[in-house]
Amino acid sequence: MNFCLYCHVQLERSLTWTNWLTVEDNDVLCSSCADKLERISGERCEVCSRAWSSALCLDCQQWRQLGENIERNYSIFYYNDTIREMISQWKFRGDYVLREIFRNDLKDTFEKEFAGNSSMAIVPIPLSESRMHERGFNQSLALAEMLDAPVKQVLGRKSDEKQAKKNREARLRRNNPFFITEPLKQAVLIIDDIYTTGTTVRQAAQQLKLHGCPAVYALTLARS
Amino acid sequence: MNIDKRILMSPAFLAQALSGKRLLEEEVPIPQKCFDVLRSTKQLIPTPAIENQKGSVKCIRCGNVALQYFSEYPCGVCQQNHKYCRNCIQMGRVSECKPLYTWGGAAVNWPRHSQPLTWTGNLTTAQRKAAAQLQEAVEEKIPAYLCWAVCGAGKTEMLFPPLTSALKRGYRIALASPRVDVIRELLPRMGQAFQGVSIEALYGGSEHRTGMAQLILATTHQLMRYHQAFDVLIIDEVDAFPYYLDKSLMYAAKQAVKKQSTTLYLTATPRKNFRLQMKLGKLPHVFVPLRYHGHLLPVPKFKLAFRLTNQLANQKLPNAFRQWLIHRQNPKRQLLLFVPKIAMIKELKGVITSLLMEVDAISAPDQLEAVYAADEEREVKINQFRQKELHVLITTTILERGVTFPSVDVAVLNAGHDVFNEAALVQIAGRAGRSADDPTGEVVFFHDGKTDAMEKARQMIVEMNARGRKI
């Protein structure tokens, strides 16, 4: 018997002419939970994936002036209340198995948007040691491992404060918490859960590029 | 649990804060160094949080054994896969990696109060009789005792004598309810009645939680953080959702009491298993069939409205409901309107407002509000209704029990819906006629097909009234 991974209702799969002989793709969510996730569709900023009607959003224009260091971020979902609660139960409560909610979308998006570049290395955003001790797993690594590509953990992180509790300005201003443990000379795809101001991704990119990485892309679950 | 970490640590304080608890390391509200000392001196004793034997897994905190509620994560600290419990994860993750800690230090001597009760009211004869039974159960340490009292019998007051007796003996007590509204309402009343006793209310989102008072008021979930802590545990509304369906809450209640202790169950609508146990003589109990003001329970009227479900789905209100609104016996009474689903509230609020305006039940749209479980302004709205700032309140079953409004009429739209089970309907009917000044109140169930639950609910009320009349 199958249950919705998030709300635990029993999943009902009706038998139809199209599925009676096939092994079904296993959906982990019930339809009511699945419907609450909103995919970003239509026009978006070509760099950061924000829903935007012209090519480049205001933030990204600003980043350009300051010296942009990522090629592109692609986000899959709008950061709405549902995904916020799911992600928070997943990473803050530590409900590891909830990553399965995003497996199919993450894989599909990776293949569609980034698979052209087969020499790309997947790099997760690291956790500081104290955070790792608290949580037991790195959510970014948990996402990266679901992709069929080599994962390289080449970044380290100094101990930090929680991002989610900082306002925009404090986030933009803080010093770069990342350092390189092993230089990479190939293009990189950073995987993370949420893209908010884009500071985290750009700080990681800055370190990677300082150590010889030619291009940095990002794939994130949600764009807030 | 947030205790200010700068607080001065004294042995007595630690014992009081930690005895009777079973906590994860991050829940133990003390600095790391202090924690390490307590652990090395065996004052904090680790026990495995997940029991994993030959394929059967059990969460020690919530008692969960259902495999679907367990999962695994690869631990980045010890590089192993750990099982964790998803059933109680909202209270912090319990996993194989981290033990639960119980207190092994000095025992706490809770104060023996010589005169704890500062309440000066009087109990009615019926209340006094039941209270004496409950008191005896506490004094004799009878493991389980049920108090079956109709809605509005004045259960809280009946608890005063057994509580007084327990406090005189220096017992530790918990009063738990599945409903958070009940706990919020109880806190000031208990504070008033036992002014010299340390009392604390624990529920998801409550402030300043230390859980170190002698008398703990808590939602049943919070009991999971206690282990062999209480001499007396009172479970109010024991038949309420989610308690009667959630095995982990019953498990928590069993874990939270000492080996020699009394658990008092309070209910207005005992479910089958309790009724059976009473009939078999396995559960000692006392029955209070009369309300505190001595009047009988209002008996619900059934009003058939054809195609009601259909009409509601199309955001139309049945004519029967409209007619009833116009011809209410006492239009000054506030109106509590129950609907089966949250979605319906949103759909119907507008239509109901305009109908009520049309029949002059309210004079302005702001005299009506709707409230549901996830509503952030839930407390505010309930309070406004209590203060009579609102004339009509539309609600889901969250207000079926525990909350008291002195003088209301009660209507249920689509009483045949599944969410309205027998117990819920009896409770809903019990919202009317709570005040001695206005002890009647109308109760009407609108339906398009009677259900068993409706019939049984009415039958139960009629039977309780029959027993009440004999007194």
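**Contacts between chains B and A**

Trainee: How many residues of chain B are in contact with chain A?

Mentor: This is a predicted model, in which local features need pLDDT of at least 70, side-chain atom pairs count only at pLDDT 80 or more, and totals for chains, interfaces and linings use all residues. Residues are numbered from 1 along each chain as written, chains are lettered from A and ligands numbered from 1 in the order written, and side-chain values use heavy atoms, without hydrogens and water. Contact means heavy atoms within 4.5 Å. On the chain A side there are 16 residues, and the number in chain B is 16.

Trainee: Which residues of chain B lose the most area to chain A?

Mentor: Buried area is the accessible area (1.4 Å probe) that two parts lose on being put together, summed over both. Chain B and chain A bury about 1,400 Å², with 46% of it on carbon and sulfur atoms. Together giving 34% of what the chain B side buries, the residues are B:Arg86, B:Gln90 and B:Arg93.

Trainee: What does B:Arg86 form a salt bridge with?

Mentor: A salt bridge needs a side-chain nitrogen of Lys or Arg within 4 Å of a carboxyl oxygen of Asp or Glu. The rule finds 1 across the interface of chain B and chain A. With the closest N and O atoms 2.8 Å apart, the partner of B:Arg86 is A:Asp95.

Trainee: What area is buried between domain 1 and domain 2 of chain A?

Mentor: Chain A is divided into domain 1 (1–35) and domain 2 (42–223), bounds that come from an automatic or database domain assignment. Carbon and sulfur atoms give 70% of the buried area, which is about 620 Å².
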